[in-house]
Amino acid sequence: MAEKKYQKVAYYPGCALEGSGHAYNKSTKAVGKALGLELEEVDNWNCCGAMEVKNIDPKIQTYLSSRVMSIAANEMKHDVVMAPCNGCYHNLKKAEYDLAHDEGSRQVVDRLSSKAGHETYQAGQIETIHALDWIKDGIGEEELAKRVKNSLKGLKIANYYGCMYTRPRHIFPEKDQGPGSESTSKPHYMDDLLAAAGAENVDFALKTACCGGAHTLSDADTSTKLVANILRAAEEAGAEVIATECPTCHTGLEMHQVRAETNFGIKTNVKVMYFTQLLGVALGLSPKKVGVHENASDGRAALKARQIA
Amino acid sequence: MPIHEKNLIRPENLSTHDNLVIDGVDVSGDWSTFIKTRVVADYNENLQEEIGSLPGAEYIHRCWQCGSCTNSCTVNAIEPDFNPRHWIYLIRMGFESELVRDKDLIWKCVSCNKCTYACPRDVVPEGVMKATAHWLELKGYLDRTPSTEFDEEFANQVIRTGKIEDGRVMMGFFKRTGQPLMQPWLIAFVKKMFAGLPLGWMMKMGFATVIHPRTKGWGPAHAAIAEYAKEQEEKHIAAVRGSHPEAAFHTAD
């Protein structure tokens with residue numbers, strides 16, 4: 001069901017989308033444009049703290065995320081902020097939860113905000129959504145299906161959501177609310193959108209398994225083992241492509257696909273693509289326009305084999 | 001999935017007899033292996049308090065040992081000795097020396113939050129793992145782990161400039177941990193990535209590692225966070241080492 005408030009939102013790309021996740025940024029913007037969904041980038045945003053700053057001090061992370069929400073709500077007067085990165089999305093949601101429930105967090109955020117010279121973010125001022133919500137709630141599958149110019153023609157896709165989009169459940173109060181809402185144990189928003197674009201979603205058990213992203217370099221062997229499991233499970237389920245909705249997961253899968261082969265001799269052929277790249281191609285954009293050639297895992301041949309592009 | 005915890009019984013605590021007769025009954029064979037009785041005299045009565053004072057472990061006292069954390073754990077599935085339930089038990093019982101035996105494993109938590117999702121008592125086991133790894137370092141049981149080096153490299157960039165640049169974080173991390181940048185798998189990956197990247201973007205990314213991206217007007221935020229971070233660090237050290245830091249400080253072995 002298309003809702004107007006999701007059609008023009010504040011956009012928080014985050015650090016990864018300016019670096020290794022460049023193709024996700026490019027394809028998200030291109031898909032928004034093709035669908036008539038507007039994005040206004042948060043002015044002068046900062047890093048949300050990712051998975052690292054909380055290990056130094058969780059309340060610094062809460063402050064970092066609150067500053068982004070404060071600018072979007074107080075200075076830009078937005079009601080909704082959209083983050084395509086699971087890490088950013090998770091941290092903004094976590095900050096929202098902590099500021100609504102924990103006095104200690106409120107005090108630290110208030111102290112740091114006034115010293116930094118901006119208005120303190122108050123819980124409830126803005127709604128944080130993921131890029132999946134943005135398309136699902138701003139357009140909806142029915143309308144999306146109508147706009148598909150170039151069907152994905154039954155391309156077999158394993159939808160991979162990772163950890164930060166659904167866990168822990170208490171920071172996502174809108175999920176698990178019955179039919180139509182997103183599920184934290186079996187998420188389906190990406191499946192729904194890609195099915196509307198003509199893809200065939202395979203039955204994939206590791207949708208919310210962990211890729212080891214937090215230790216992708218600091219404990220690389222563990223990450224390689226976890227990623228190899230995900231890649232092999234997707235291949236065994238018959239997938240040609242793994243669709244991603246997080247730059248850390250995406251880069252992790254790509255990097256450790258190479259590392260699994262180089263260091264452990266585990267070879268997999270499944271391709272990794274952002275869901276926005278797949279939707280973009282379905283909406284008639286060229287693979288180049290959505291940066292398919294920029295992925296280390298080059299999906300162009302997989303699309304060609306099905307005569308999609 | 002059942003939890004297999006036989007690995008918790010250490011070989012040195014098992015006693016096996018070839019021929020054994022107890023009260024006139026022959027119990028040789030399968031029945032002849034016993035776990036040795038022991039008396040634990042070296043409790044740290046403050047262990048739960050010390051670790052519970054670090055951020056993330058505030059709710060450790062809620063644990064009722066159901067094992068949902070270990071059962072759902074990503075790392076446990078590939079490394080059976082990684083056992084959050086057991087470590088929480090040791091901490092709550094004050095078994096410091098037993099906890100320290102697993103010091104090289106505890107930091108390996110990947111923060112997937114499956115435990116926190118599954119926990120019926122909202123213990124936040126993921127936070128307990130991070131706090132315990134931090135405690136091991138603060139107590140001097142453990143040298144700085146690669147995870148800590150990465151977190152610090154990352155956090156320092158964010159606190160100083162408001163943003164990170166992923167290439168710079170990676171190079172900074174390799175430098176801190178003394179790893180070469182030219183690792184065969186990384187070269188293979190970068191080659192694949194560059195094969196499709198437009199030249200203009202490569203130059204922009206290369207430029208970003210030299211000219212660091214920065215949030216405009218970040219100065220006051222930097223000062224505020226740095227001041228707060230320092231206060232917190234001092235608080236944590238005091239909580240773990242008490243008023244006589246040297247007394248409770250062990251050197252890493």
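Reader: What should I know about the model and its numbering before we start?
Author: The model is predicted, so local features need pLDDT of at least 70 and side-chain atom pairs count only at pLDDT 80 or more, while totals for chains, interfaces and linings use all residues. Residues are numbered from 1 along each chain as its sequence is written, chains are lettered from A and ligands numbered from 1 in the order in which they are written, and side-chain values use heavy atoms, with hydrogens and water left out.

Reader: In what order do the strands of the four-stranded open sheet in chain A stand?
Author: The order is β2-β1-β3-β4, and the pairing is parallel. Strands here are DSSP runs of E with at least two residues, helices are runs of H or I with at least four, and both are numbered from the N terminus. Two strands pair if DSSP finds at least two bridges between them.

Reader: Which strands stand at the edges?
Author: β2 (38-41) and β4 of chain A do; each has a single partner strand, so one side of each is left without a neighbour in the sheet. From one strand to the next, the twist averages 40 degrees. Angles run from 0 to 180 degrees between N-to-C directions, with axes fitted as lines to C-alpha atoms, for helices over the stretch in contact.

Reader: How many bridges join β3 and β4 of chain A?
Author: Four bridges join β3 (residues 80-83) to β4(A), in the parallel sense. Within that pairing, Val81(A) has Thr128(A) as its bridge partner in β4(A).

Reader: Which helices lie across these strands?
Author: Helix α1 (residues 22-35) of chain A lies across β1, β2, β3 and β4, at about 165 degrees to β1(A). Helix α4(A) lies across β3 and β4 of chain A, at about 155 degrees to β4(A).

Reader: Let us stay with α4. Is Asp98(A) buried or exposed?
Author: Asp98(A), which lies in α4 (residues 86-101), counts as buried because its relative accessibility is 13%. Buried means under 20% relative accessible area, exposed over 50%, and partly exposed in between, using a 1.4 Å probe and protein chains only.

Reader: What does the side chain of Asp98(A) make a polar contact with?
Author: Its partner is the side chain of Lys94(A), at 2.7 Å. A polar contact is a pair of N or O atoms within 3.5 Å; within protein, one must be able to donate a hydrogen and the other to accept it, and residues adjacent in sequence count only if both atoms are side-chain atoms. Leaving aside neighbours within four places in sequence, Asp98(A) is also in contact (heavy atoms within 4.5 Å) with Thr62(A) and Ser105(A).

Reader: Now β5 of chain A. Which strands does β5(A) pair with?
Author: β5(A) is joined to β6 (residues 200-201) by two bridges, running parallel, and β5(A) pairs with β7(A) in the parallel sense over four bridges. Ile157(A) has a bridge partner in each: Asn201(A) in β6(A) and Val241(A) in β7(A).

Reader: Why is β5(A) called largely enclosed?
Author: Four of the five residues of β5 (residues 156-160) are buried, so the rest of the structure largely encloses β5(A). Helix α11 (residues 275-282) of chain A is also largely enclosed, because eight of its eight residues are buried. Among them are Phe275(A), Leu278(A) and Val281(A). After α11(A) comes Gly284(A), whose phi is positive, near 100 degrees.

Reader: Different topic. How many salt bridges are there over all chains?
Author: A search of the whole structure finds 33. A salt bridge is a side-chain nitrogen of Lys or Arg within 4 Å of a carboxyl oxygen of Asp or Glu.

Reader: What does Lys5(A) form a salt bridge with?
Author: Lys5(A) pairs with Glu127(A), their closest N and O atoms being 3.0 Å apart. Lys5(A) lies in the segment before β1 (8-11) and Glu127(A) in β4 (residues 127-130), so the pair ties together parts that are 122 residues apart in sequence. Lys5(A) is partly exposed at 41% relative accessible area, and Glu127(A) is partly exposed at 27%.

Reader: And which residues of chain B are linked in a network?
Author: Arg144(B), Glu149(B), Glu152(B), Glu153(B) and Arg176(B) are linked by salt bridges in a network.
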